[in-house]
Amino acid sequence: MRCRILTAAILTIAVVFCFSIPVVYDFSDKTRVLQKEYHAVWFSYSDWQKELSDLDEAEFTLAVDGILENCKKQGLNTVILQLRAFGDAFYDSALFACSKYLGVKPDYDPLEIWLRLADSYGIAIEGWVNPFRMGKDADAIPEYAGKTPRYAAAENGYLWLDPADETTV
């Protein structure tokens with residue numbers, strides 16, 4: 001009995017340890033890089049709105065460069081970048097509307113700038129998406145790929161894409 005408990009404890013510790021080392025993919029050379037420590041910052045849709053809305057490409061590039069320079073100085077190696085918040089996109093997308101948190105739709109791809117600059121600082125970018133959350137205002141929700149998906153209402157009046165509907169992308 002003691003042997004089984006000891007074996008179970010050792011296996012549990014081994015599994016926890018194995019999953020505690022993050023694996024980050026560097027897609028520029030298609031190799032897997034193991035990082036011993038994970039120091040990250042979350043950059044959410046509200047940060048996009050406060051820091052990066054209504055900027056032309058040069059201003060946006062300068063602002064992102066400053067953010068990444070500060071991250072590097074703080075010893076961070078990862079930025080978790082929210083790419084979709086409410087059925088919108090913070091990148092150039094043929095499927096999803098430009099996020100209202102970027103202000104006026106830019107004539108450049110914000111994600112491309114983040115990726116290019118982060119690479120120059122040796123900082124990884126991880127994308128965060130909310131795939132089903134759409135927001136509160138049904139009139140502000142665009143059609144997707146020429147289809148009008150079915151929505152499910154949730155708590156506090158938020159609309160969500162219905163994952164059981166085949167028109168949900």
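**Exercise 1. Find the angle at which helix 3 and helix 4 pack, and how far apart their axes are. Then work out which residues meet there.**

*Solution.* Start with the geometry: the two helices pack at about 40 degrees, and their axes lie 10 Å apart. Keep in mind that you're looking at a predicted model.

Next, look at the handedness. Helix 3 passes helix 4 in a right-handed crossing.

Now list who touches whom. From helix 3 come Glu57, Phe60, Thr61, Val64, Asp65, Ile67, Leu68, Glu69 and Lys72.

**Exercise 2. Which residues have the most contacts inside the largest nonpolar core, and which elements each supply at least two of its residues?**

*Solution.* First, the head count: this core has 26 residues, and Trp48, Leu68 and Trp114 have the most contacts inside it.

Then trace where the residues come from. Helix 2 (45-52), helix 3 (57-73), strand 4 (78-84) and helix 4 (110-121) each give at least two. Helix 4 supplies the largest share, with 6 residues.

Now zoom in on Leu68. If you skip its neighbours within four places in sequence, Leu68 is in contact with Val79, Trp114, Leu117, Ala118, Tyr121 and Ile123.

As background, nonpolar side chains in soluble globular proteins tend to be buried together.

**Exercise 3. Is Ser99 buried or exposed, and what does Ser99 touch?**

*Solution.* Locate the residue first: Ser99 is in the loop between strand 6 (97-98) and helix 4.

Next, check its relative accessible area, which is 0%. Buried means under 20%, so Ser99 counts as buried.

Last, look at its partners. Leaving out residues up to four places away in sequence, Ser99 touches Asp88, Ala89 and Phe90.

**Exercise 4. Describe the chain as a whole: how many helices and strands are there, and what share of the residues is buried?**

*Solution.* Count the elements and you get 4 helices and 10 strands. Reading from the N terminus, their order is α-β-β-β-α-α-β-β-β-α-β-β-β-β.

Now the burial: 34% of the 169 residues count as buried.

To finish, take the contacts with a separation of 6 or more: 58% of them link residues 24 or more positions apart.

Methods. Residues are numbered from 1 along each chain as its sequence is written. This is a predicted model: local features need pLDDT of at least 70, side-chain atom pairs count only at pLDDT 80 or more; totals for chains, interfaces and linings use all residues. Side-chain values use heavy atoms; hydrogens and water are left out. A nonpolar core is a set of buried Ala, Val, Leu, Ile, Met, Phe, Trp, Tyr and Cys residues joined through side-chain atoms within 4.5 Å. Buried means under 20% relative accessible area, exposed over 50%, partly exposed in between (1.4 Å probe, protein chains only). Contact means heavy atoms within 4.5 Å. Axes are lines fitted to C-alpha atoms, for helices over the stretch in contact, and angles run from 0 to 180 degrees between N-to-C directions. A crossing is left-handed if the near helix is turned anticlockwise from the far one by less than a right angle, and right-handed if clockwise.
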